[in-house]
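Have a look at the structure first, and then we can go through them together.

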Amino acid sequence: MKKWISALLISLLVHPAFAQSDVFSFHLFSEPHNLDPQLTSSASGNYLFFNVYRGLYRFHDEKGLIADGAKDCRRQGSNLVCQLQPDGKWSNGAAITAADYVAAFRRLIDPALASPQADVLFSLKNARAIWRKEKPIEQLGVSAEGPLTLKIELEEEDPEFEFKLIHPALSPLPPGGYLGKNRVTDQVTSGPYQIKEWRNGGWIQLQNNPHYHVRRNRPEARVFFVDHDSTAITLFESGKMTFLRRITAAEIPRLRTKPGFRQFPMARFDYIGFGPQLNDSPEVREALVKSVDFPQFKRLFDTFTPPGCPSLPANLMDRVPCLKFEPKVAKARLKKNSTPPKEFKFSKMGGDDIARGAEWFQGQWKKNLKWKIEIG
C-alpha cells in the first residue's frame, strides 16, 4: 500500500459562446440520488450542492475564506462565536437563524443517519461520544445564543475548523428537510440558486435564488449527468455545454490552444492499495513501488512532479520521501514464495485518466516484475 503524491495541472475549458448565452451549463460524473449533502460522499455532487446550499463560509481562490452565511466568526478561547448575516434568507423568503445551523450539526452527528461526512464535527465537544452512542445528540457543542448568534464549542485543537465550515453538509438545515426527487421544485435552499427542474437521467436546471443575500443577476444553470470524459468533450465542442471542468491528459495537447482553456496546479494525494492481503508482505509492497517508471508517468499524465514525490517545498519536510524507479532492486527484494496480488480495483467515477492510469500500472508490473495483475 502506498500514497502517491504529485502536483497535477487541473485543466478546464469555458466555451466562448457563453458570453452570449442565457444558460451556464456544466456536468456531474453521476446523477445524485437525492438533494441531501449530508448523505453523499461524492466530490462530484458537491458542484451541485455548493450552488444550492451555503453555510457560514465559502472559499475564494485569491482571498481565501470569506464569510457567507456568517457576518463574522471569532475565536473565543476554545469556542467559535459566529454572528449570522442579518439579511440571510431561505429561498422561500424566511429568515435563516442560528437554530437552523444547530439542527444541521445535530443531524450530521446523529449515528442513526450514519453520514459519511460526520467526521468533520469530531473536534466539537461531545461529538465522538455522541457518534459512539454514549451521549445524547443534544449535548453536542453547538448552540443558538439568539436568532443570529451561533456558538460552537471545540474540545479538540482544530486550527482548520473554519475551513470545514465551507462544506455544504454544514449548511443550515432547510425547513422541511431535504426532499426527494419527486419534490425538487419545493426544496428550500440557502445558496445562490434554487432548483427549477430535475429531468431523470438528463439534467438539473437551476434558477437564481432572489432571496440570497448576495444580490446578483445570475444566469440559469443546467447540470448534465455525464459519466464519460469523451461524452463531456463532445457536448462541449458541439456547444451544448459551456464549461468543461475536467480534461483528460490525452486531450490536453489538442485543447491547450482553445480560447477559454485554463490550467491550475494542485497538490493531489491518491491512494493505491490492495487491502490487508499485503500486510505481511513488505517485500511485495516494495516491489510494486520500485518497479514503476515514475518519470514516464509524469510525461504521460501532465504532472509537475512524478507520483511518490511530494510537490511541497523541501524546507517544509524533515526528509523528502521521493520514491525511485529501481526495477533491479524490486526483483531482488522478492522472495521465492512472494505472491503477487490477484486484482487491482479502481473507481470508474475517477474518469478516463484513472482507468488509463490503472492500465499503465498493470503494464509496468507485467513488464518489470513479470506479474499479470488483473484490473477492474
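A disulfide is counted here when a pair of cysteine sulfur atoms lies within 2.5 Å. The model is predicted, and a search of the whole structure turns up 1 disulfide. Its partners are Cys-73 and Cys-82, with sulfur atoms 2.1 Å apart. The torsion about their S-S bond is about 115 degrees, so the disulfide is right-handed. Cys-73 and Cys-82 are both buried.

Now to the rings. The structure contains 15 aromatic pairs, and the table shows two of them.

| Pair | Geometry | Centre to centre | Angle between planes |
|---|---|---|---|
| Tyr-53 and Tyr-178 | edge-to-face | 5.4 Å | 80 degrees |
| Trp-198 and Phe-225 | tilted | 6.4 Å | 50 degrees |

Which parts of the chain does the Tyr-53 and Tyr-178 pair link? Tyr-53 sits in the loop between helix 1 (46–52) and strand 3 (57–60), while Tyr-178 belongs to the loop between helix 4 (161–164) and strand 9 (193–199), 125 residues apart. Both tyrosines, Tyr-53 and Tyr-178, are buried.

Trp-198 and Phe-225 are buried.

Elsewhere, one aromatic cluster is formed by Phe-297, Phe-301, Phe-344, Trp-360, Phe-361 and Trp-365.

Finally, two arginines meet rings. Arg-222 places its charged end over the ring of Trp-203, 3.9 Å from the ring centre. Arg-246 lies over the face of Phe-29, 3.7 Å from the centre of that ring.

Key. Residues are numbered from 1 along each chain as its sequence is written. This is a predicted model: local features need pLDDT of at least 70, side-chain atom pairs count only at pLDDT 80 or more; totals for chains, interfaces and linings use all residues. Side-chain values use heavy atoms; hydrogens and water are left out. Buried means under 20% relative accessible area, exposed over 50%, partly exposed in between (1.4 Å probe, protein chains only). Rings of Phe, Tyr and Trp (its six-membered ring) pair if their centres lie within 6.5 Å; planes under 30 degrees apart count as stacked, over 60 as edge-to-face and the rest as tilted. Helices (H or I, at least four residues) and strands (E, at least two) are DSSP runs, numbered from the N terminus. A charge sits over a ring if NZ of Lys or CZ of Arg is within 6 Å of the ring centre and within 35 degrees of the ring normal.
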